[in-house]
Every structure is written in C-alpha cells, then in structure tokens.
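Subject: Structure handover and notes

Dear colleague,

I am passing on the structure we spoke about, and below it you will find what came out of going through it. Please read the notes with the coordinates open beside you.

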Amino acid sequence: MRLRVRVRGTVQGVGFRPFVCRLARGLALAGFVRNGTDGVTAEVEGPAAAVEEFCRRLREEQPPLAAVTGVDWEPVRATGGRDFTILPSDDTVDGGGSARTAIPPDTAVCADCLRELADPGDRRHRHPFITCTHCGPRFTIATGLPYDRAATTMAAFPLCPLCAREYADPADRRFHAQPVACPDCGPRLRLTLARGARPECQGEQALDRARELLARGAVLAVKGLGGYHLACAADDPAAVEALRARKERGGKPFAVMCADLDAAERIAHISPAERTVLAGRRRPIVLLRRRTAGAAAERGLAGGVCPGSPHVGVMLPYTPLHRLLFGLPGDPPGPRVLVMTSGNRSGESIVTDDGDAVRRLAGIADAWLWHDRAVAAPCDDSVVRLRPDDGGVLVLRRSRGYAPSPVALPSAVPPTLAVGGDLKNTLCLGAGHEAWFSPHVGDMADLATAEAAEAAERRLTELTGVAPGLLAADRHPGYLSARRAARRAAGAGLPLRRVQHHHAHVASLMAEHGLDGSAPVIGVAFDGTGYGDDGAVWGGEVLLADYRGYRRLAHLAYAPLPGGDAGVANPCRMALARLRAAGVAWDPDLPCTAACAPDELRLLARQLERGLACVPTSSMGRLFDAVSSLAGVCHRAGYEAQAAVELEAAAARAWDGDGRAYGFGLRGTGPGGVTLIDPAPVLRAAVADLRGGAPAPVVAARFHRAVAAAVTEVCLAARRETGAEAVGLTGGVFANALLDEECAGRLGAAGLTVLRHGEVPPGDGGLALGQLLVAARRDGTT
C-alpha cells in the first residue's frame, strides 16, 4: 500500500521533515518527504496497518512549533522501494495554484541551546547566534518559499563542515535548521561607538564592551531579530531620562527586559499565568502590575521608566545575544533590568538596516551593538496583558512571536488585502479560510512608515502566494492608509471597498470567535476616533452588526472636539467642552479650568461659541480624557491615551474601597430608535464629589463603574428589542483592564454571551481583519 500525503500549515522550519522521516522509519515504511511551496508532501509505502498508523500519528503527533491546518492523502502506485529519504525541496505548485504554507514566527531560544551556550565544553559556547530546529529566527530571515537556507538571509554564511554535517543528519536537532551556524561560519557581532567610522571591536570583546557601557549609563542600539532596540540600564535615572529626551518619548512608559524571572519579580507582581506567558516561546512584552515606586527603584527600576502607569511592560531575553548581554555565570555583574524600547525615533518605523540605524539613531545611541545577519522583515515586540477574571491573554500589539501565524476565518474569502487604519497600522491578507496579519507597522505619519507598510504587503504576498484581487480600507477620507489603497486600486484596476471603522472593529471580534455572521451581535465599540456616517467623529458606539452591515443602536451624546488633534493632546480642553455641553460652568475651582491660562480659556470659549474647528464627537476615549482632566489626573497628553491610562491607574487605587457608580442619562429610547448615552449627569456628579473633597481615585472608580452600568443597560435594552444574545466588547478603550472586566462581569451576570478579544487586538491593530471580512461579504463572494 502506498499513499501520497499532503500537510498544510506551519510545517516548514519546524523540523517537520525529520519528524516524518523518523516516524516512517520507525514503522519500517519506504518512501520520501520533501518541502514544497504549498506545505510538505510525503509518500509512504508498506503494510496497510503500518501506513494507517503513520497517518494517525501524523495527525496526532507533531513537532512543537508546527501548526497543521490540513492533512489529506490519496493512494498512488506502489514502487517497491525499501528506504525512506528526505528529498530536496520542490518549488513548483501542484495544479498551478497559490502557495499556502506558512513560515513560523520567530521563537525564543530553547533550553537545549541555552545549555550549550553556557557550556564551556560545547563548540557553540557563548555563540550569540546559537539556534536549532526548535527555536530562533524564522519569519524575520525568510526571503521566499520553500523555506530553505537559500531563501533566507543566512544564505550569506556558508556552513562549515561540522555545521553541514549536523544540517544534513535527520537524527540531529539541527537537521535543516536554516539559521544554524557556529563561531566558525556564522554571523559576527560588532560594536561601533558614535562617530566611529569602523567597529571598535567584535565578538566577545564587543559583548564585554557593551556590558561595560550599559553599566556606565550609556544608551546602546542593539540589533535584535526584527530590528534594533534602544537599551539602557533601567535602574539608572540619568540614563533613562537621557534616552527619553533623545528619543522625544514624552512621558510614555518604556518596556524593560529582565535577566530572568527573579529579576522580574523584584519590580512587578507576577501571577503563575503571567509567568507562563513571560517564559513561553513567544516571549512578548507582558503588562504587569508594578511594585510601589520606591520599592521598584530599590529593586532596579528608576521612576522614569513608567511614570504615571500602574503597569510595567516586561519581557525576558528571547535571543542568545540578549542572554549574553546580561552575562553568564562568572561574568562581571551588570544591570539585571534593561530598558528595551523600539529602535526608532518616536512616530517612526523600527530600524532594521545597519546603515540606516547609524543615520536614524544618531544623537540617540552612544554605541551600536550589531551583526552582519540581515533582517528580511521588520518585526517589533508583541505586547499582551492577562485578564485577571478569566486568565485569558489579550494581545494589544500582534507582532514578534505571533506574526505571521494564520488566523482561521469562519467563511471563505477571495484573495483580499485590508490595509487597516492610520494608528497602530497592521495589514491583513486573506484567502480561503485563512488570513495573515503583518507585524505591527506603526502610525502612518511619515514616508518611512508608508514605505514600511508597502514592504509588509509585499512580504505577505510573497510568503503566502496570495495576490489580492480585492482591497479594503477605512472610510475616513483623510486616512493615509485609505489613500494609498485607493491609488493602488486605481493603478491595478482592483475593486476597493470602504468599511466603517467601528463596524470593522465588531467584525474583527466576530471573526476571532469564529462567527459566520448568520446571527447579528450587539457590538460595543469604544475608541478614540473613527469616521462616522454623518461626518462626525464616532467612538462611543453600540451597533447591531453582522458582516453585511450594521445599525446604530446607541451612542455617546455628541460634544464638540475643539481643534481636532490639538484637542486630543489637551484633555483639559476636552473636559471644558464636555462641561459646556452638560451646562456646567467653568468655575476656577475645577482642576480642568485651573489647568488653562486665562487667554486659553477665552480663546476656547470663543471657539466653542462659534463652532470653529469643532467637529462633533461621540468618542468614549475622549470622554475618558475629559474625566481624567476634570478629576485633576492628566491635563496635557504627551502620548496617545495617556490621560485614559492614568485615569485607569487612579481608579485602580480606589477600586476595592468604593463600590459606588455615577449614572449616565439614557434618552431617545424606543423600538427602532437610537439611544443617546448622556454623560451630563456623570459630569455633574463628579463635580459635586470633587467639591465635596472626594479624591481623584474615587471619582475615577465611580466613572469606570458608570460606563460599565450604562453598557449593561443599553445592551439589555438591545436584547429586548432585537433578540440578539451576544455582546462584543471591542475598540481601543477595552484595553482598559478595569472597564473590560467590569463590563464582562455585569453583562455575563445578566445572562448575555460576552465576546472579548484574545489574539486579535481590540484596538486598531486588529481593525484590518474586520475590514477584510466585511469587504468580502459586501462583494458577494462569501
């Protein structure tokens, strides 16, 4: 009996062929296995019982990094062979179709490689690029399919005889591990000082010098898997402030890398579930509840690392270079916690090219620790948090460790590219029942980011073989992402479908939960900005939605957004605009009034009276900003969502001590009508509390509970009217852990089915998936 077996999914670069070879030889089967552009193909021949056992174990037993999406087989003519072999890759596509294999994400260095790294008797002792079939770079070095060394950036490094022997041995852990190398044949580490024309040193000396510079307070540009980081000692206040000033970071928190879990425990509270995610193979940045400021400083975290935030973003070393940067046993002591932030200037895309790094990071870095293995694809660090109520992982930025793993779609779509939004831009390419997110691109604010988005698109099409025949973009007329899609559609003669922002958020959540759209959901889409059907800035929306369309059930009452982006950067102005809409006077005892100079107050009053540059907004994100300033928490925002983040931090301090909630007004209710969620009663109650001496944390906690209570009341009314039983919580506001948990708890207790995000971000980083599904369904193709 002989079968031809095809395996699809993430099956290249994960040790799948040696796994198949060992399995077949163990069952005394003959045949072969090889890579192709559409996955792995094997032929097995032998007794029927052994062949059936092979097929069973192929489905049930797989290498740790594999993600099989499909296995099928067909009988073929027996040849009478006796051996089982691994054949060279086949770069043709059966039937002339498109490639459908997947390159695995980059994976943290494994325990076996770490043991060899620290073993003085091993030939890869202290080798910064140690790797094997079970770990290391994949996506960021791949330049094409099939995934062989010739189609990676490791093609520039010919294997030495010892590495070649390991690479060719199916019994070896490094069999066809494409990044495999050793100190004799692999990439070289170098260190260059600012203004240095040539590297000052290389190899072990470069590492020693880098550790010395970090200990002395220097800022280093460190080349990682998917680009450069900027690093400094996290316990050195002067170094942290220097990095913040040079990068023009404002008050936005930095992420840190800790040498190990013990070092992480010293600066943050870590649950068992969080420990598992921190130390897992994806190694994302995990938002952890940081210890008190004074204690954190004593344990290795300067106050300037994450000012105003109750959390600190922590990751563990995920490359051998990171491990060596902290030092091995016997090395001189150095920092145990490093600030490790994206290697770019604020607002730009991450730097990957070595020459570009010297130019773009000049004036920020004091030295560059780099190597000569090229980065084929930019890939920033992923960011997650764990939900305390159910232990679920919420991905806030989906990049390294996650991209380009496919997302299963609930219904088939034609080849479609969705370009996302202008903030936290991420692309999504789909075909059939799969979709692939690009890594995080960033904010579409300059030419470099636009070029990064174009490069990400090219890479997705090359690695999936999917050529989009349909484009999807946001409806906002000013979005750069949408304009670029329109130019692309016009130039290539492709249809372009515009998708309303909050509809896309709800559709993204539906797709993540595998809903086919046969029943609509009540979608609560809260964020900062989205272009509305009436030209207003939406962002506090409750929609009845499926993939084909939506109906607006309720929204936050409109208030003017003075000055657009200028209003966003000045929460005190948003607070005053909301107070004016609520009929509350701008008395000087209110913190938001006191935060503005007299001239600013006069100009703002005139602007609001005349409606100059005042677009109406229903944004819940802007209401959080307004209450943050009203409570005296944050009046000027140095980075996106700063006011809301600090309001959440304040609420957390009073959460367990005060269970009261303010109450929104709900008006305009009725069958088929649109309910207005009026914040005026909330604002008046908050003003009364402040005048009565209530501290900011109490006001913040009561506001959070008020929002959750209003969401529950509106959703219950929507269920009575529409019969819909599922409620989806989506949009960037639901990155707020307190609000997310409180809404989910109240809705669940009321008997509603609650949908929440997991591996697809709730903010604009997940927007493209919803655009893709809506565009495909509207095109009549699903």
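A word on burial comes before the findings: a residue counts as buried when its relative accessible area is under 20%, as exposed when it is over 50%, and as partly exposed in between, with a 1.4 Å probe and protein chains only. Helices (H or I, at least four residues) and strands (E, at least two) are DSSP runs, numbered from the N terminus.

The model is predicted, so that local features need a pLDDT of at least 70 and side-chain atom pairs count only at pLDDT 80 or more, while totals for chains, interfaces and linings use all residues. Residues are numbered from 1 along each chain as its sequence is written, and side-chain values use heavy atoms, with hydrogens and water left out.

On confidence, pLDDT is the predictor's confidence in each residue, from 0 to 100; the protein chain averages 92, and 96% of the residues score at least 70. Over residues 92-99, however, the pLDDT is below 50, and beyond near neighbours in sequence this stretch has eleven contacts in the model, a contact being heavy atoms within 4.5 Å. Where pLDDT is low, the predicted coordinates should not be read in detail.

**Helix H16**

Helix H16 covers residues 571-581 and packs against helix H19 (residues 620-630) at an angle of about 100°, with the axes 7 Å apart. That angle makes H16 roughly perpendicular to H19, since 65 to 115 degrees counts as roughly perpendicular, under 35 as roughly parallel, over 145 as roughly antiparallel and the rest as oblique. The axes are lines fitted to C-alpha atoms, for helices over the stretch in contact, and angles run from 0 to 180 degrees between N-to-C directions. On the H16 side the residues that meet H19 include Met 574, Arg 578 and Leu 579, and their counterparts in H19 include Arg 622, Asp 625 and Leu 630. Eight of the eleven residues of H16 are buried, so the helix is largely enclosed by the rest of the structure; among the buried ones are Cys 572, Leu 576 and Arg 578. After H16 comes Gly 583, with a positive phi near 75°.

Two strands are said to pair if DSSP finds at least two bridges between them. Strand E22 (residues 521-531) has nine of its eleven residues buried, and E22 pairs with strand E23 (residues 537-545) in the antiparallel sense over eight bridges. Parallel pairing joins E22 to strand E29 (residues 726-730) over four bridges. Ile 522 stands opposite Leu 544 in E23, and in E29 the bridge partner of Ile 522 is Val 727. In the hairpin of E22 and E23, with five residues between the strands, Gly 535 takes a positive phi near 85°.

Strand E15 (residues 367-371) has five of its five residues buried, with Ala 367, Leu 369 and His 371 on one side and Trp 368 and Trp 370 on the other. Strand E6 (residues 189-193) pairs with E15 in the antiparallel sense over five bridges, whereas three bridges join E15 to strand E8 (residues 220-223), in parallel.

**The sheet of strands E1 to E5**

Five strands form an open sheet with mixed pairing, in the order E4-E1-E3-E2-E5. Helix H2 (residues 48-60) lies across E1, E3 and E4, running at about 5° to E1.

With best regards
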